[in-house]
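Have a look at the structure first, then read on.

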Amino acid sequence: MAVITTDHLTKRFPRVTALDHLSVEVQPGVVGLVGANGAGKSTLIKILLGLAPATEGTARVLGLDVATEGGAIRERVGYMPEHDCLPPDVSATEFVVHMARMSGLPATAARERTADILRHVGLYEERYRPIGTYSTGMKQRVKLAQALVHDPQLVLLDEPTNGLDPVGRDDMLELIRRVHREFGISVLVTSHLLGELERTCDHVVVIDGGKLLRSSSTADLTAATSLLAVEVTERQDDPAFDVNAALRARLTEAGLTVGADSGHVLLVELDGDEVYDVIRDAVAELGVGLVRLEQRRHHISEVFAAGAHGVDGADKAEEVAHV
Amino acid sequence: MSETHAPEGRLDVIHDIGYRHYEGPRLGVGYATRSLYTSSLRGAFGLGRSGKSKILPMAMTAIMAVPALIIVAVSIYVKMGKLPVDYPQYLTNLQFVTAVFTAAQAPVLLSRDLRFMTVPLYFSRPLRSSDYVRAKYAAMVSAVFILTVLPMLIMWIGSMLGSMDFGYNTKHFAFGVVAAAFYSLVYAGLGLLIASLTPRRGFGVAAIIALFMVSAGVSGALREVMHVTGHQAASFWVAMLNPGFLIDSTVSWMFDLPLRGNVAQMPTTLGGVVFLAEIAVLAAGTFALLVRRYRKI
């Protein structure tokens, strides 16, 4: 069963349209929600929590309607906001116990769950110290802990790696994977950093300007088609000769899809081992040296580039995507 | 700890206890609202907070109660047979203490959550914004009620110990409880409403104190002007401008208690009814505005 379904979800503010007929279906797992700042991520989360009404369209979380069953959704969902949200003068234990009770857990259960979850996110002795004395990484763990303490079926994590150093970032991403793998809790995680989501998520939903750019599995996005980066030398006796153009023409003629990155590197779609032979022969026939021949993966960022340049963004938003 | 299954030398054995799902009861919005009420009421007296945050509320509670203890002790010792101060009168005399307590503690209940942006965490739970406001309002009302009823309770118990007139003391203690209820509703409502407007606790404290002081000053000055210009009979209306004078006048009018000369003129029947209505409007209005304030977060 899908954990999140939106159908032509639209949110208009007086000046801007934050979400524009967004139709998407999110299955259990770790799902990344990517978009630049202002793409509509936070608005979507607010609507999914039943805290803001949609202008048009519908959305369901865990099978519950956001418009009418917000309370039931918020009982089963955890939320970690992007911004600071921790009072500095109480300890992590006191704070998380309080938040557990706000989720309806009886006092004893709240204390037990708090001890458990703080251990799971990696806070030990320091949990008795005031939060004001914590590092950014520890604060992020407390924020995650309060989102998990009531054992939700789904957590919404808004930019959980914000402000962390590279090591802290890796730790947080690993923790997020464990939330799904070991705790069995589905995760919707937002980020504007694409590299992170490639490593962490099973599926990625890309939105821009409130519209759906793409929604597919991370594997589809990055690994289905590998690229070969090809770089060759110039002709010693004829520096004016455009080797790249010639090579490109030959490869295209041979039926290959050829692109180029910003420099002197051609990117060739690798759809079989024979591609290597074709490139080798073409380079040899041109009589130039082969400097580089290496495999590259697509990056999610290319989706963005394609979306920004493509004219079919609106059409894509119309179709219901299955993650 | 006995992770017997953990491979030797692993540093992360503590993780291997494994994640346990929660199968127990989820008690819902009513329970969460009550929990928030309890923790906020404790917070209003600095309980469960650092030692520093206990100083002011506890000091105000002591300043409120100690004179009552002294009055009782002296009255019993010299066998007066009657307490020298009437119950509602005691609250009027110590109005300033109630105002300081409200100014200091109302921002504790609301400004903290605003300043540290904890409010969205509450609203991402089953609680609605109106439940949050209800819990905070009830907690502050209860805190002021405890503060104001405590000294009168001391006086009433003292009057019993001193074998004073049971009927008289119980009746006037009841008048005092009504006055305490008015103080609680009006002071807590005004204090919280102002506190909800700023994430800065200091601003909240200053603004609330200013409201009580300035309105008292304006009200007093106007009364003087009316006396001098010969509008003495109508001068009771100025009590409407200050919450403390308003409650004092209303309670005196309701129970026909003697007025201290310098407080106000006894209101007419029309005046009394209008005063009562103003108390109701202040209590209900501040609550409604608070609910509105938190609707869009």
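A:Val77 stands opposite A:Leu154 in β7(A). Strands β6 (residues 77–80) and β7 (residues 154–158) of chain A pair in the parallel sense over four bridges; two strands count as paired if DSSP finds at least two bridges between them. Helices (H or I, at least four residues) and strands (E, at least two) are DSSP runs, numbered from the N terminus.

This is a predicted model, where local features need pLDDT of at least 70 and side-chain atom pairs pLDDT 80 or more, while totals for chains, interfaces and linings use all residues. Residues are numbered from 1 along each chain as its sequence is written, with chains lettered from A and ligands numbered from 1 in the order written.

Back to β6(A): A:Val77 and A:Tyr79 point one way, A:Gly78 and A:Met80 the other, and all are buried. Buried means 20 or more other C-beta atoms within 10 Å of the residue's own, C-beta atoms being placed from the backbone (exposed is 12 or fewer, partly exposed in between). In a regular strand, side chains alternate between the two faces of the sheet.

Now for where the chains meet. The contact takes 31 residues from chain A and 29 from chain B, counting residues whose C-beta atoms, placed from the backbone, lie within 7 Å. On the chain A side, α4(A) gives the most, with five residues.

| Helix | Residues |
|---|---|
| α2 of chain A | 70–76 |
| α3 of chain A | 92–102 |
| α4 of chain A | 107–120 |

Definitions and conventions: Contact = placed C-beta atoms within 7 Å.
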